[in-house]
Amino acid sequence: MDRRAQRLVTRVSVALAALATLSLIHLLRHASTTCFPASRPLALGPFPRTSCDAASRRVVPPDRRLAKLRASPRWRRRAAALRAYAFPPLRGLGFLAAPSSRVLCLAAGAGHAVDALRAAGVGDVTGIDLVDFPPLVRRADTHRLPFSGGAFDLVFSDDPSALSGSLFPSRLAAEAERTVRRGGGIALAVDREIETAAVAALFKRSRVVGVKDVTLDGSQVRLLILQSNGTTSIPQ
């Protein structure tokens, strides 16, 4: 009797295991479109296949995210500093003329400079960084810019790490010179500890036309302004 009972229990266990396996395969191959019955008004996403899919995420629309950033004190301080200290010398040298100027912002981050330039009346402003931040900043590599030669009147960066943090500073400099028009401007924020002459030496077809100490968001940096004498290609 004990042997019969044991065999019966074994058969039932095997059958249940097989049924569970078949049910799991069915769920994975025929994922449910919702986690609740169709009669319920609330519907979730597809049946999660990984823990990442099951994680709760909140996607904020780009316009709403930008509006929140613009309302922050830090964003307003940065914009005010750019208007007060960075833009006037560029206007004085003729590199920034609203609304006709075409400006490329390198290492644009969340788009402080892009937003400030547009607010100042510059109609054609493009911001790039290694990580895109719509709607102000698109993803691109500063060592290989996806723009034609002479496409911009001004190449600008308010981030000192754009140059000091670059893997190949000479390549970044060559790309800036390639994409700016002849006679156009290149203006980069540089750490004050870095020698101006060392930075200027990276630019083979430009000459320094201005150096100005400015305060951006509480930190003092040096704004190096160069004028392009022509275009060049990426160094091989």
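## Charges over rings

Arg 171 lies over the face of Phe 168, 5.8 Å from the ring centre. To count here, NZ of Lys or CZ of Arg must be within 6 Å of the ring centre and within 35 degrees of the ring normal. Another case is Arg 65, whose charged end sits over the ring of Phe 133 at 4.3 Å from its centre.

A quick word on what you're looking at: this is a predicted model, where local features need pLDDT of at least 70, side-chain atom pairs count only at pLDDT 80 or more, and totals for chains, interfaces and linings use all residues. Residues are numbered from 1 along each chain as its sequence is written, and side-chain values use heavy atoms, with hydrogens and water left out.

## The sheet

Now for the strands. There are 7 of them in an open sheet, ordered β3-β2-β1-β4-β5-β7-β6, with mixed pairing. The edges belong to β3 (137–139) and β6 (206–216), each of which pairs on one side only. From one strand to the next, the twist averages 20 degrees. Strands here are DSSP E runs of at least two residues and helices are H or I runs of at least four, both numbered from the N terminus; two strands pair if DSSP finds at least two bridges between them.

Take β4 (residues 152–157) and β5 (residues 180–190): they run parallel and are joined by 5 bridges. Val 155 stands opposite Ile 186 in β5.

## Helices against the sheet

α4 lies across β4, β5, β6 and β7 (219–228), and runs at about 155 degrees to β6. Helix α7 (residues 169–179) lies across β1, β4, β5, β6 and β7, at about 140 degrees to β5. Those angles run from 0 to 180 degrees between N-to-C directions, with axes fitted to C-alpha atoms (for helices, over the stretch in contact).

Then there's α5 (residues 112–119), where Ala 113, Val 114, Asp 115, Ala 116 and Leu 117 are buried. Buried means under 20% relative accessible area, with exposed over 50% and partly exposed in between (1.4 Å probe, protein chains only). The buried residues of α5 pack against α3 (62–70), α4, β1, β2 (124–129) and β4; contact means heavy atoms within 4.5 Å. After α5 comes Gly 121, with a positive phi near 105 degrees.

## Aromatic pairs

Searching the whole structure turns up 2 aromatic pairs. Phe 87 and Phe 156 have ring centres 6.2 Å apart and planes at 65 degrees, so this pair is edge-to-face. It links distant parts of the chain, with Phe 87 in helix α4 and Phe 156 in strand β4, 69 residues apart. Both Phe 87 and Phe 156 are buried.

Phe 147 and Phe 152 are edge-to-face too, because their planes are at 85 degrees, with ring centres 5.1 Å apart. Phe 147 and Phe 152 are also buried. The rule for rings of Phe, Tyr and Trp (its six-membered ring) is centres within 6.5 Å, with planes under 30 degrees apart called stacked, over 60 edge-to-face and the rest tilted.

## Two buried serines

Ser 101 sits in the loop between α4 (73–92) and β1 (102–105), and is buried at 5% relative accessible area. A polar atom of its side chain lies 2.7 Å from the backbone nitrogen of Ala 97. A polar contact is a pair of N or O atoms within 3.5 Å; within protein, one must be able to donate a hydrogen and the other to accept it, and residues adjacent in sequence count only if both atoms are side-chain atoms. Leaving out residues up to four places away in sequence, Ser 101 touches Phe 95, Leu 96, Val 122, Asp 124 and Asp 153.

Ser 166 is in the loop between α6 (161–164) and α7, and counts as buried at 13% relative accessibility. The Ser 166 side chain reaches the backbone nitrogen of Phe 168 at 3.3 Å.
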